[in-house]
Amino acid sequence: MTSETSFWSPALRGLVPYTPGEQPAIEDLVKLNTNENPYPPSPRVVAAITAAAQEGLQLYPDPHATGLRQAIADHHGIAASQVFAGNGSDEVLAHAFFAFFRQARPLFMPDISYSFYKVYCGLYGIDSALVPLDAAMRVQVAHYSSSCGGVVIANPNAPTGTGLPLADIEQLLQQQSQCVVLVDEAYVDFGGESAIGLVARYPNLLVVQTLSKSRSLAGLRVGFAVGQRHLIEALETVRDSFNSYPLDRLALAGAVAAYQDHAWFETTRAAVMASREDLARDLRTLGFEVLPSQANFLMVCHRAHDAAALAAGLRDRRVLVRHFRLPRIEQYLRISVGTPAQCAALVQACRALVSN
């Protein structure tokens, strides 16, 4: 008898897909599990999307995302030709993995990092090698000096939240000058140092960012890459061999408007960073160990309480955090930074659990 999966391509049968954070329909939930920004996007974004919805939807969007690439370029002081825009940073990353990392030598990546990297390797048949974080859960760039087919790191790292200074990124670029080094900066606006300023000097550097986090547009799906022109051309070749209209008119309009309201961006990201420091302090008073974070989340553990039990107890109290059942971090919880009220609810629930 023919099984349903017998119709699948052989390459599909061995894939282990990415598992996104839970999006449950629970009333009055304090949702701190997927690193969404607790604040809404700029009112200018809503106005721009509304206006875009009222005319032009019968027409295809600009395949080159010209206005958005220019807005990004203006913000970072670079040329629009150095910017590639895509449907969320995940799509940009996927194109980059295909364009640069299908090499004879393995792709280096941290053993604890964004789990989609391994999924892309499986999808595209990329050989990878995991480089362990040190005992303090930090990337050590000296461990990335061997010959390889590329390097991908998240800076700040996910899910740990720890960041590297630009000097370390530059050392990594010099060590691996013969391959592409991809720096995934999804969380950089919450206290990290962006490597975009290094692009002009390093032809092997590709920086990827997203508007999902610091610009509160996780529901819109907009990401981009910055690199020298030869790297951007490679991404454009992959895109135009896959989907030449990745960003719709509403996404383009909203994303441009997000860059036009710099004051909103600065105010909301400052609020998130302030709440992060307050939350870290409060959790430490409850006996939690908190890793240093330059992101909009905290990675914490409590030596006297099992992480899975804590996550379950928090869920019972309508507080949702992320627990990874993975080696080295199975006793940690990743907690997204919410509003002050959401953080207070989390601390109250944690206090009840750890005092038992």
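This is a predicted model: local features need pLDDT of at least 70, side-chain atom pairs count only at pLDDT 80 or more; totals for chains, interfaces and linings use all residues.

Visitor: How many helices and strands are in the chain?

Guide: The chain has 10 helices and 13 strands; these are DSSP runs numbered from the N terminus, helices being H or I with at least four residues and strands E with at least two.

Visitor: What makes the chain as compact as a globular protein of that length?

Guide: Its radius of gyration, 21 Å, is close to the 21 Å that the globule rule gives for 356 residues, so the chain is as compact as a globular protein of that length. The radius is taken over C-alpha atoms, and the rule is 2.2 Å times the number of residues to the power 0.38.

Visitor: Why is His-302 called buried?

Guide: Buried means under 20% relative accessible area, with exposed over 50% and partly exposed in between (1.4 Å probe, protein chains only). His-302 has 11% relative accessibility, so it counts as buried. Of the 356 residues in the chain, 53% are buried.

Visitor: Where is His-302, and which residues does it touch?

Guide: His-302 sits in the loop between strand E10 (297–301) and helix H9 (307–316). Leaving out residues up to four places away in sequence, His-302 touches Leu-286, Gly-287, Phe-288, Leu-310, Gln-331 and Val-354, where contact means heavy atoms within 4.5 Å. A polar atom of the His-302 side chain lies 2.9 Å from the backbone oxygen of Leu-286.

Visitor: What makes a space a cavity, and how many cavities of 30 Å³ or more are there?

Guide: On a 1 Å grid over the protein atoms alone, a cavity is a set of points where a 1.4 Å probe fits but cannot get out, and lining residues have an atom within 4 Å of a point. By this rule there are two cavities of 30 Å³ or more. The largest cavity holds about 50 Å³ of space, and its lining includes Pro-41, Arg-215 and Trp-264. Helix H8 (residues 262–285) gives the most to that lining, with three residues. The second largest cavity has about 30 Å³ of space; among its lining residues are Asp-62, His-64 and Leu-247.

Note on methods. Residues are numbered from 1 along each chain as its sequence is written. Side-chain values use heavy atoms; hydrogens and water are left out. A polar contact is a pair of N or O atoms within 3.5 Å; within protein, one must be able to donate a hydrogen and the other to accept it, and residues adjacent in sequence count only if both atoms are side-chain atoms. On a 1 Å grid over the protein atoms alone, a cavity is a set of points where a 1.4 Å probe fits but cannot get out, and a pocket is an open set with protein on both sides within 12 Å along at least five of seven lines; lining residues have an atom within 4 Å of a point. Grid points are joined across faces, edges and corners, and a volume is the space filled by probe spheres set on the points.
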